Amino acid sequence: MKQRPGNRILTGTRIRERRLALSRRQADVAREAGISAAYLNLIEHNRRPVGDHLVLRLAAALDVSAAELAEGREEAQIAALREAAVRLPDDVTPELDQTPELLARFPGWASALIATARRADAHERQLVTLSDRMRQDPYLLTTLHEVLSAVTSVRSTASILAEGGEIPPDWRARFHANLDGDSLRLSTTAQALVAYLDSFEAQDAIFTPQEEVEAWLAAGAPPVDEAADLASDAARALARAHLLRMEEERAALPDEALAAVAAEEADPLRMADRLRQPLDLVMRRLALLKPAGFDAAGLLVCDGSGALTLRRPAPGFPLPRPGDACPLWPLFQSLAAPQTAIAKLVEAPNGRRFRTLSLATRHQPLGTEGPVLTRAQMLILPEEPGSPLRPDLLIGPACRICPRADCAARREPSILLAA
Amino acid sequence: MLDILMIEDEPNIAEAVRFILSREGWQVALHADGAGGIEAIRGAKPRLVILDVMLPHRSGTEILAELRGDQDPSLAATPVLMLTARGHASLSLPQADAVLAKPFANDDLRAMVRRMLN
């Protein structure tokens, strides 16, 4: 019977490697195991099968356990090596049929190859997410829009002046003034852009676990173990905790019960009263279930320090990069007045309006001696355009990309405002 | 009848475009906000709408969708030239008749408008 090398490290190869590692001669080992040197030679080259008894004797002669000589232990590593080989460029053709030998003879190099391939893989994923991120970065998008608008105006206006032809003096003066204004705007925005890109160098961890969880939620929360967005252990732990909490809250307030009440009642406070459930639970469940009338609902959750722990904004709601926020969001106001629901109509810099409902709750999970924990949530519902109501609050994304020059809450200059 | 209604919130761009197209002999009106944009189109019934994608209050794509769904079939079929700030590739605007990426050459704008009005 002839064994063919396949996906497994053959016992014969292993025996040979072990013998060579001990610098022992074939004849000596064969004698100890009670077989001829020629037969051992055939075994070592995988031309003869090795029975269980013979493996035991050879293992004893080579001073290892029989299990270590048996086949099948390194199958996962073989698979990893083959995976690494698949990803090689077309003109690189590794000897796939000798993969088992490679692993048996040079386990250290094989591990190095596997580790390198895994790192290349991780880097590739990181690059994809980074470029995704660049395309969605609110600072970059806003700034580039500024640049494009100014450039468009400069180009058209300059062409008009350069093309010649009849231009009335008042128009000519206006175009000159526009050029002056737009070029000033261009230079300040370009400087802000450079400063922003420079600041990238100072930040080590670009992707926080929370950002990974946000991306995972945005992708529809696929199974945690298969989710490409969840690259770090911390993110996977956060995601599992999130799912567990959602499950508990769904058990406390089932979909059907919430949908039934939401069909008859638009006010979350009255819903909570009818359901005899806490308002914060009703708000979180509304944002997740999105029954009729809450289709575009968003939710922000923060802890007592104001750090946002969950960000699922309504479409169009101005959201900055994680770790940044507008201090005027009613969410933060509610921290100072726990257990009181605050309803505010807010207006974003782009003119969109949102009905918000904010509520902070407190609890002491460790008893009277323990710390007081605060959590606030803000339910966000888009307001139909053209609403005659005056907004209660003019909010923004975060100072840095907010155009409201005279805002009382401003804490740093905006890159959108000329210096 | 109004030739062109331009909905654009950047005053300097709007001013330049209005000058360029007026000089070609077309009647151009401006509306500077996404809010009220569809009402302005309904009121003016222009032969061509030049519509910016990024507008305050309401985006150009929303206005375009509402226009295409209008009850008046001739109004719904009004030719629309979209101005986009993101290039053609990343933004698909199947409901627009033509798309012009910012910044544009005045000659391209003139040629496109001439083609759409004739």
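Helices (H or I, at least four residues) and strands (E, at least two) are taken as DSSP runs and numbered from the N terminus.

**Basis of the model**

This is a predicted model, in which local features need pLDDT of at least 70, side-chain atom pairs count only at pLDDT 80 or more, and totals for chains, interfaces and linings use all residues. Residues are numbered from 1 along each chain as its sequence is written, while chains are lettered from A and ligands numbered from 1 in the order in which they are written.

**Helix 1 of chain A**

Helix 1 of chain A spans residues 11-21 and is mostly covered, with nine of its 11 residues buried. A residue is buried if 20 or more other C-beta atoms lie within 10 Å of its own, exposed if 12 or fewer, and partly exposed in between, with C-beta atoms placed from the backbone. Among the buried residues are Thr11(A), Ile15(A) and Arg19(A). After the helix comes Ser23(A), whose phi is positive, near 55 degrees.

**Contact between the chains**

In chain B, 18 residues are in contact with 20 residues of chain A (C-beta atoms, placed from the backbone, within 7 Å). On the chain B side, the largest share, seven residues, comes from helix 1 (residues 11-23) of chain B.

**Helix packing in chain B**

Helix 1 of chain B packs against helix 5 (residues 106-117) of chain B at an angle of about 55 degrees, with the axes 11 Å apart. Axes are lines fitted to C-alpha atoms, for helices over the stretch in contact, and angles run from 0 to 180 degrees between N-to-C directions. Val17(B), Ile20(B) and Leu21(B) of helix 1 of chain B meet Asn106(B), Leu109(B), Arg110(B) and Val113(B) of helix 5 of chain B in this contact.

Methods:
Contact = placed C-beta atoms within 7 Å.
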